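Here is a short briefing to read beside the structure. Start with the view below.

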Amino acid sequence: MSNLVLKYTVDNEDFTRAGEASSDVKKKLKMMGVPPEAVRKVAIAMYEGEINMVIHADGGEITVEITPTQIVMVLKDKGPGITDIEKAMQAGYSTASENIRALGFGAGMGLPNMKKYSDEMDIDTVIGVGTTVTMKVNI
Amino acid sequence: MTVNELIEKTGLEPLCIPCPEREISGVYNCDLMSVVMSKGFSGAAWVTIMANINAVAVASLTDMACIVLSEGAAKDEVMLSKAKAQEINVLMSCEPIFETSLSIYNALKNA
């Protein structure tokens, strides 16, 4: 059986649709009978990634590949890139604006949550070009 | 206890109740979405002041039973239509977060 591949476009600054891609993936994984803990990990990691793309990068593309043993999420944006990954990975560090914070985001937990809830995470970022985050969750 | 029973017992105002028979497993408080994403649990009655569409997405992803807007948070029609579409119950209280959570806690404890 070939792997299932899902593709999503995340709009820029569109908070009304943020979370739709993760909701859809969650629904599909549940229907496929993926264990609830893996579904939860994917939903959290992907939602944080989606929000990051809206806040920091004018949106982007997400590809989710579902294999019999793992779920691979690739989040690709053409944003400004991450200047200091080490700092960005620190819980509590955020460059989000005040109006983003007023919505309950920008607590500096996005990337730490993404790392925590994925079994493997890789960040490939180039200043001025964009960032690609790959997250894997084992089933 | 179901969401419907909670409304009867506590007098919380129902704003959008697409799943009245949903079981409540406990009470949860927080206004920071990233914290809620990692600590919110299935079946929770989530008491918050965050009356926006992102709260609906977070409640849906963490499989909560209902969102309880407290402190008389302003009703947001966009949020409510999203809640209806995503089948997320939304209730409302004019009381502060602590009092609202306590009344839910007591209702669950005495159920």
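Which residues in α1(B) meet which residues in α5(B)? L6(B), K9(B) and T10(B) in α1(B) meet S103(B), I104(B) and A107(B) in α5(B). This is a predicted model: local features need pLDDT of at least 70, side-chain atom pairs count only at pLDDT 80 or more, and totals for chains, interfaces and linings use all residues. Residues are numbered from 1 along each chain as its sequence is written, while chains are lettered from A and ligands numbered from 1 in the order in which they are written.

**Terms for elements and contacts**
- Helices (H or I, at least four residues) and strands (E, at least two) are DSSP runs, numbered from the N terminus.
- Two residues are in contact if their C-beta atoms, placed from the backbone, lie within 7 Å.

**Helix pair in chain B**
- Two packed helices are described by the angle between their axes and the distance between the axes.
- Helix α1 (residues 3-10) of chain B packs against α5(B) at an angle of about 110°. Their axes are 10 Å apart.
- α1(B) is therefore roughly perpendicular to α5(B). Angles of 65 to 115 degrees count as roughly perpendicular, under 35 as roughly parallel, over 145 as roughly antiparallel and the rest as oblique.
- Axes are lines fitted to C-alpha atoms, for helices over the stretch in contact, and angles run from 0 to 180 degrees between N-to-C directions.
- The crossing of α1(B) and α5(B) is right-handed.
- The contact of α1(B) with α5(B) has 3 nonpolar, 2 polar and 1 charged residues.
- Ala, Val, Leu, Ile, Met, Phe, Trp, Tyr, Cys and Pro count as nonpolar, Asp, Glu, Lys and Arg as charged, and the others, Gly among them, as polar.

**Sheet in chain B**
- The open sheet has 5 strands in the order β1-β5-β4-β3-β2 (chain B), with mixed pairing. Strands pair if DSSP finds at least two bridges between them.
- β1 (13-16) and β2 (26-29) of chain B are the edge strands, and each pairs on one side only.
- From one strand to the next, the twist averages 30°.
- β4 (residues 66-69) and β5 (residues 89-92) of chain B pair in the parallel sense over 4 bridges. C66(B) stands opposite N89(B) in β5(B).
- Helix α5 (residues 97-109) of chain B lies across β2, β3 (44-48) and β4 of chain B. α5(B) runs at about 170° to β2(B).

**Positive phi in chain B**
- E71(B) has a phi near 55°, and E71(B) is not a glycine. E71(B) is found in the loop between β4 and α4 (77-86) of chain B.
- E71(B) is partly exposed because 17 other C-beta atoms lie within 10 Å. The cut-offs are 20 or more for buried, 12 or fewer for exposed, and in between for partly exposed, with C-beta atoms placed from the backbone.
- E87(B) has a positive phi of about 60°. E87(B) sits in the loop between α4 and β5 of chain B.
- E87(B) is exposed, with 12 other C-beta atoms within 10 Å.

**Sheet in chain A**
- Here 5 strands form an open antiparallel sheet in the order β1-β2-β3-β5-β4 (chain A).
- β1 (4-10) and β4 (120-126) of chain A each have a single partner strand, so one side of each lacks a neighbour in the sheet.
- β1(A) runs antiparallel to β2 (residues 60-66) of chain A, joined by 7 bridges. V10(A) has G60(A) as bridge partner.

**Interface**
- 18 residues of chain A are in contact with 15 residues of chain B.
- α2(A) gives the largest share of chain A's side, 4 residues.

Conventions
Left-handed = near helix turned anticlockwise from the far one by under 90°.
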